[in-house]
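This briefing is for a reader who is new to protein structures. Keep the sequence and the 3D view open while going through the points.

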Amino acid sequence: MATAGMLYRMYERRLLASLKGAALPRHIGVILDGNRRWARAIGSEASHGHRQGATKIDEFLGWSAETGIEVVTLWMLSTDNLERDPNELSELLTIIAETVERIGKTRCVRVMGAKDLLPEDIVTRLSNVEDASAGNGGMQVNVAIGYGGREEIADAVRSLLRDRAAKGQSIDEVAETLNVDDITAHLYTKGQPDPDLVIRTSGEQRLSGFLLWQSAHSEYYFCETYWPDFRRVDYLRALRDYSQRERRMGK
């Protein structure tokens with residue numbers, strides 16, 4: 001008689017087989033939601049949930065590399081999250097820094113977000129990972145920390161205006177020629193493809209400001225599972241769902 005584990009592996013292989021030759025995303029964005037609720041459900045502290053969620057990131061990146069994903073963007077901490085209890089936030093930032101350092105040993109890492117809102121020691125650690133990992137090949141990993149979609153767009157516009165001002169252009173001249181591509185070129189994800197698929201765990205069905213500009217034509221997949229419990233089979237289901245959709249890209 002087949003055990004539950006055997007049935008699970010059989011189903012996983014079936015899902016993998018269904019993806020052969022399928023159109024898969026180049027860039028996947030992930031809203032890592034549910035760490036605290038996962039911890040609360042088992043009567044544990046929030047930090048335990050955050051650490052379990054950090055472990056899941058390692059697994060997720062491995063699954064993504066196996067399926068040939070080029071870019072993964074992980075939303076680890078929003079600007080709203082910076083208002084949490086100082087003790088929990090301090091622990092969370094330490095966990096995030098450790099996780100980013102671990103990722104940066106093998107993958108190219110780009111840190112996205114308002115670094116000026118983070119403690120100086122955390123910024124130093126994150127910046128060191130960016131510099132040290134720049135030469136790593138393979139899949140690129142964006143880590144969104146202290147990130148807000150509206151703030152990103154505002155930052156892009158400010159960067160664009162400063163760039164044009166340095167070239168001697170007036171505000172009127174900028175306004176006359178400004179287009180969508182100009183702003184795209186100043187986003188945190190500049191030079192990368194927009195996310196084809198955005199996954200959010202924990203059952204919440206909203207973007208909460210994640211990659212607002214870049215996700216205009218993204219496909220969304222909402223999973224009921226809390227992030228620490230997210231399984232490879234959940235990931236494969238998301239990819240299968242994506243591969244079966246007809247992408248019109250607004251047409």
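The model is predicted.

- Strands of a sheet pair through backbone hydrogen bonds, and the pairing is either parallel or antiparallel.

**Strand β5 and its neighbours**

- Strand β1 (residues 27-31) and strand β5 (residues 197-200) run parallel and are joined by four bridges. Ile-28 has Leu-197 of β5 as its bridge partner, and Ile-31 has Arg-200 of β5.
- β5 also pairs with β6 in the parallel sense, over four bridges. Leu-197 has Glu-219 as its bridge partner in β6.

**The largest pocket**

- Rolling a probe the size of a water molecule over the atoms shows where empty space is left.
- How many residues line the largest pocket? The lining has 36 residues, and those that lie nearest the centre of the pocket are Leu-32, Asp-33, Ser-78, Asn-81 and Arg-84.
- Helices α2 (35-41), α3 (46-66), α4 (86-103) and α6 (149-166), together with strand β2 (71-78), each supply at least two residues of this lining.
- By class, the lining of the largest pocket has 13 nonpolar, twelve polar and eleven charged residues.

**The second largest pocket**

- The second largest pocket holds about 210 Å³ of space.
- Among the residues that line the second largest pocket are Arg-110, Val-111, Asp-155, Arg-158 and Tyr-188.
- Both β3 (108-112) and α6 supply at least two residues of this lining. The greatest contribution is that of α6, with four residues.
- The lining of the second largest pocket divides into three nonpolar, two polar and five charged residues.

**The cavity**

- A search of the whole structure finds one cavity of 30 Å³ or more. The largest cavity has a volume of about 30 Å³.
- The lining of the largest cavity consists of Leu-16, Trp-63, Glu-66, Thr-67, Arg-232, Tyr-235 and Leu-236.
- Which helix gives the largest share of this lining? That helix is α9, with three residues. Both α3 and α9 (232-243) supply at least two residues.
- Four residues of the lining of the largest cavity are nonpolar, one is polar and two are charged.

**Single residues**

- Ser-202 is in the loop between β5 and β6. Its phi is positive, about 85°, although Ser-202 is not a glycine. Is Ser-202 buried or exposed? Ser-202 counts as buried because its relative accessibility is 7%, and the cut-off for buried is under 20%.
- Leu-211 lies in the loop between β5 and β6. Leu-211 also has a positive phi, near 50°, in a residue other than glycine. With a relative accessible area of 0%, Leu-211 is buried.
- Ala-166 has its place in helix α6. The relative accessibility of Ala-166 is 70%, so Ala-166 counts as exposed; the cut-off for exposed is over 50%.
- Ala-166 and Lys-56 are 110 residues apart in sequence. In space, their C-alpha atoms are 44 Å apart.

Key
Residues numbered from 1 in each chain as written. Predicted model: local features only at pLDDT ≥ 70, side-chain atom pairs only at ≥ 80, totals over all residues. Heavy atoms only, no water. 1 Å grid on protein atoms, 1.4 Å probe; cavity = no way out; pocket = protein on both sides within 12 Å on 5 of 7 lines; lining within 4 Å. Nonpolar A, V, L, I, M, F, W, Y, C, P; charged D, E, K, R; others polar. Points joined across faces, edges and corners; volume = space filled by probe spheres on them. Pairing = 2+ DSSP bridges. Buried < 20%, exposed > 50% of the residue type's maximum accessible area, 1.4 Å probe, protein only.
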